[in-house]
Amino acid sequence: MQAKKCAAIVLAAGSGKRMKSNVKKQYMQINGRPLIYYSLKAFETFGVNEIILVTSQNEIEYCRKQIVEKYGITSVSSIVAGGKERYDSVYEGLKAIKDCDYVFIHDGARPCISQEILNNCFETVRKYDACVAAVPAKDTIKIADENQFAEITPERSKVWIVQTPQVFQYSLVKKAYDTMFASVQELMITDDAMVVENFTDKKVKLVMGSYYNIKVTTQDDLLLVKDYLSEF
């Protein structure tokens, strides 16, 4: 893979309240290993130059000893504390990167990331500078008004469900985040592509992801992920 230097930011700072468990979802055991292990191992197998693991301040040592060292994830170069919102955590990860051409930003709660998706994203970002894994919507989507009445029905063939990884030329996304944090403009930022879309003139290319690449949010998601990962 390595013609260019690549880094990965793996986000594991979320509270996971919707899981309704005393154990945060990123540390729940799936087939004998913590959920976050699978994302870290996927990027190490892919061959990124460094992985930045972003977690909460009081879990840094736990991640270092019980995940990174225990399972021998040698590509993790830094474990840093995240912020209040997702975009704060991403920014901390971006600032921790030593040197790279491209950066993969990935939710640690998506353990079923495949080498095929990583390869496709890498090939695409080299051509377009910005891309995200996504899948076409299978269902009709309704846009609701403020009273939850259906207001708009977008053409289904144009609707994609965005996943991670989201992959960018490092200098592009770092500059976009720098500009956003220096701005007084208030935005409802829900993913990294929105930062690039709002603070640069670069379009973001959609890359075919996988319907298995789900984000673990509920107990039902855990069962689906366990079945999928048991095949490997």
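This is a predicted model: local features need pLDDT of at least 70, side-chain atom pairs count only at pLDDT 80 or more; totals for chains, interfaces and linings use all residues.
User: Which residue follows H1, and what is its phi?

Analyst: The residue that follows H1 has a positive phi, near 100°. That residue is Gly47.

User: Which residues touch the most other members of the largest nonpolar core?

Analyst: This core has 44 residues. Its largest share, eight residues, comes from H1. A second, separate core of 29 residues includes Val90, Leu172, Val173 and Phe199. In the largest core, the residues touching the most other members are Leu40, Ile51, Leu53 and Phe104.

User: Which residues from Leu118 to Phe122 does Phe104 touch?

Analyst: Not counting residues up to four places away in sequence, Phe104 touches Cys6, Ala7, Ala8 and Ile9, among others. Its contacts also include Phe43, Phe46, Pro165, Gln166 and Val167. From Leu118 to Phe122, the residues touched by Phe104 are Leu118, Cys121 and Phe122.

User: What separation is found between the C-alpha atoms of Val54 and Gly108?

Analyst: Val54 lies in strand E4, residues 50-55, and is buried, with a relative accessible area of 0%. Leaving out residues up to four places away in sequence, Val54 touches Ile9, Val10, Leu11, Ala12, Ala13, Val80, Ala81, Gly82, Ser89 and Gly93. Val54 and Gly108 are 54 residues apart along the chain, and their C-alpha atoms are separated by 9.2 Å.

User: Are helices H5 and H6 roughly parallel or roughly perpendicular to each other?

Analyst: The axes of H5 (residues 170-182) and H6 (residues 192-199) come within 9 Å and cross at roughly 75°. Angles of 65 to 115 degrees count as roughly perpendicular. Helices H5 and H6 are therefore roughly perpendicular.

User: How many nonpolar residues does the contact of H5 with H6 have?

Analyst: From H5, the contact is made by Leu172, Val173, Ala176, Tyr177, Thr179 and Met180. Helix H6 contributes Asp192, Val195, Val196 and Phe199. Besides one polar and one charged residue, the number of nonpolar residues in the contact is eight.

Technical notes: Residues are numbered from 1 along each chain as its sequence is written. Side-chain values use heavy atoms; hydrogens and water are left out. Helices (H or I, at least four residues) and strands (E, at least two) are DSSP runs, numbered from the N terminus. Buried means under 20% relative accessible area, exposed over 50%, partly exposed in between (1.4 Å probe, protein chains only). Contact means heavy atoms within 4.5 Å. A nonpolar core is a set of buried Ala, Val, Leu, Ile, Met, Phe, Trp, Tyr and Cys residues joined through side-chain atoms within 4.5 Å. Axes are lines fitted to C-alpha atoms, for helices over the stretch in contact, and angles run from 0 to 180 degrees between N-to-C directions. Angles under 35 degrees count as roughly parallel, over 145 as roughly antiparallel, 65 to 115 as roughly perpendicular and the rest as oblique. Ala, Val, Leu, Ile, Met, Phe, Trp, Tyr, Cys and Pro count as nonpolar, Asp, Glu, Lys and Arg as charged, and the others, Gly among them, as polar.
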